[in-house]
Amino acid sequence: MLTRFLKINSIRMTLLLFLGGASLNSSWGCGLHWQVPKQRFDGVQEQGRLSYYGPEWGRLKTTDGSELPLVVNFESGREWSSPVLGQGWLFAMTDSYVVQTKPDRYRVVMPDGYFYTFFPHPDKPGIWKGNRGWLAEVGKNSFKAWAPCGWSIEWRNGKIAAITTKAGSKIAIERQGDQVTGIREGGKSLLRLEHDPQSGKVSALHLPDRTIQLAHAPRPLVQNLQGKKVVGSMVDALASATWKSPDGKQPDLKRDYSFTVDEHLMPLLEVSANGERERLFQWDPVSRLLLKDNEWTYSTQAPAPERPRDHAAIRRTNAKGQSEFWHYQHSLGKEITKTLDGTQTIKEWFVNGPARGKVRKVSSTKENGEEKVYFKAVYDENGRMIREIRSKNEYEYYYYENIIKKIHVGTNDVIWTKKFDGEQRVVEYIKEDKKIAINYLADGNYIKEITFKDKKISVFYSNYDRPYKIVNHLGAEQALTSLS
């Protein structure tokens with residue numbers, strides 16, 4: 001849990017003993033991604049439909065150092081049209097929206113392209129509980145959500161209106177009527193949308209470091225009429241995007257998105273970069289399921305109607321006849337994956353009771369039948385983990401009120417101990433004769449006091465998770481102005 005390495009000549013070796021791993025204050029840990037969404041199989045979403053995320057189109061850079069990517073997605077099952085990119089597309093930063101799908105459920109498309117779901121909070125009346133620790137309040141025409149670390153997003157009339165970073169920078173999505181015109185941070189333009197005066201379509205996106213020129217073209221929509229496929233209509237959709245640097249020193253990059261049909265009236269999407277094909281997708285016009293992606297052929301089995309939260313069972317096979325498989329079954333608490341080498345991994349968790357949602361076992365089986373248990377847990381009657389076994393029983397982890405101990409099975413030696421506060425943040429880490437105590441400050445900064453034998457070092461971190469000062473055991477200070 002303890003964060004990143006510090007490399008400073010005078011104390012490098014001491015610090016390297018303590019610092020490493022995932023960032024304590026990273027956006028991901030804060031319930032945010034701010035990156036292009038990852039899929040189990042790139043190009044297909046959990047129900048088996050085509051879902052293409054290309055490389056990010058650029059980044060909005062705020063004065064506090066935050067960077068928000070521009071994420072673009074095309075999905076074969078998407079019915080509505082993006083005001084920026086056209087039918088089937090999503091320009092997540094400005095198309096982000098909230099919709100109430102049931103009396104007790106809100107579906108949210110976040111500005112980084114991820115989908116979150118909010119339910120009534122079981123312990124806080126009037127508050128809605130979402131993914132990764134996000135909470136929300138619903139107003140008459142507004143929906144405001146916030147993360148534990150301070151990020152917040154506001155939607156008005158279902159459409160994204162503002163983002164506040166954890167450092168307090170306020171980003172506004174500007175509109176004229178229903179038309180997005182730009183994104184600003186105070187007086188600074190982060191993104192300006194240029195509209196064609198005749199068609200009203202977005203023709204260019206202007207960022208401080210680049211311009212993206214957009215072209216639209218008719219896209220055929222295939223329909224099934226009395227068992228026969230026909231091109232029912234032509235709709236507007238993104239056809240190309242061209243990246244240009246303001247100074248003209250960087251070479252242009254043009255990415256084309258060509259929508260056609262084959263001789264059997266199966267829809268096709270070809271993605272090319274500077275004339276070179278990157279992807280060729282084919283999908284079924286009725287089920288919208290992905291059938292082909294370059295060399296991969298897909299076979300998908302939809303979940304049972306009585307299990308709406310289960311994902312489809314997806315198998316894909318390459319030109320060599322090798323296959324991969326993935327099936328996430330929420331109703332059974334089981335996820336099955338199979339890789340090209342034939343290894344099958346099963347993850348199981350509880351779906352009912354006090355331990356609901358908690359992992360009970362992760363194991364894999366090779367083609368020769370050899371099984372390996374990576375993780376196995378024991379919980380008490382209140383759903384609290386009291387014992388954890390990993391990696392062929394070499395180590396066990398014992399959980400107490402706010403303490404975790406790692407113990408070697410063979411010797412019963414305590415490898416390390418971690419203590420947590422009421423917010424489940426690490427406040428103390430002890431390993432042999434090394435100790436780290438973490439003091440979290442009210443302004444979001446924190447201090448790590450590192451003790452090694454008879455030496456003590458204090459490392460001061462900003463709320464961006466960046467170390468900016470070190471004080472050694474003699475009281476001498478060293479600023480870290482050169483460390484990013």
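Two strands pair if DSSP finds at least two bridges between them. Helices (H or I, at least four residues) and strands (E, at least two) are DSSP runs, numbered from the N terminus. This is a predicted model, in which local features need pLDDT of at least 70, side-chain atom pairs count only at pLDDT 80 or more, and totals for chains, interfaces and linings use all residues. Residues are numbered from 1 along each chain as its sequence is written, and side-chain values use heavy atoms, with hydrogens and water left out.

Start at strand β20, residues 202-207. Strand β19 (residues 188-195) runs antiparallel to β20, and four bridges join the two. His 195 has Val 202 of β20 as its bridge partner. Six residues sit between the strands of this hairpin, and among them Gly 200 takes a positive phi near 80°.

Now turn to the next strand. β21 (residues 210-225) is also antiparallel to β20, again through four bridges. Here Ala 204 stands opposite Gln 213 of β21. The β20–β21 hairpin has two residues between its strands.

How many of the six residues of β20 are buried? Five are, so the strand is mostly covered. Buried means under 20% relative accessible area, exposed over 50%, and partly exposed in between (1.4 Å probe, protein chains only).

Next comes the nonpolar core, a set of buried Ala, Val, Leu, Ile, Met, Phe, Trp, Tyr and Cys residues joined through side-chain atoms within 4.5 Å. The largest has 63 residues. Trp 57, Phe 118, Leu 205, Leu 214 and Tyr 257 have the most contacts inside it. Strand β22 (residues 228-244) gives the most to this core, with four residues. Contact means heavy atoms within 4.5 Å. Beyond four places in sequence, Leu 214 touches residues including Trp 57, Val 84, Leu 205 and Leu 238. Another core, of 15 residues, lies apart; Phe 420, Val 426, Ile 436 and Ile 457 are among them.

Two loop residues complete the tour.

Gly 65 lies between β3 (59-61) and β4 (67-69), in a loop. Gly 65 counts as partly exposed because its relative accessibility is 40%. Its C-alpha atom is 9.2 Å from that of Ala 167, 102 residues apart along the chain.
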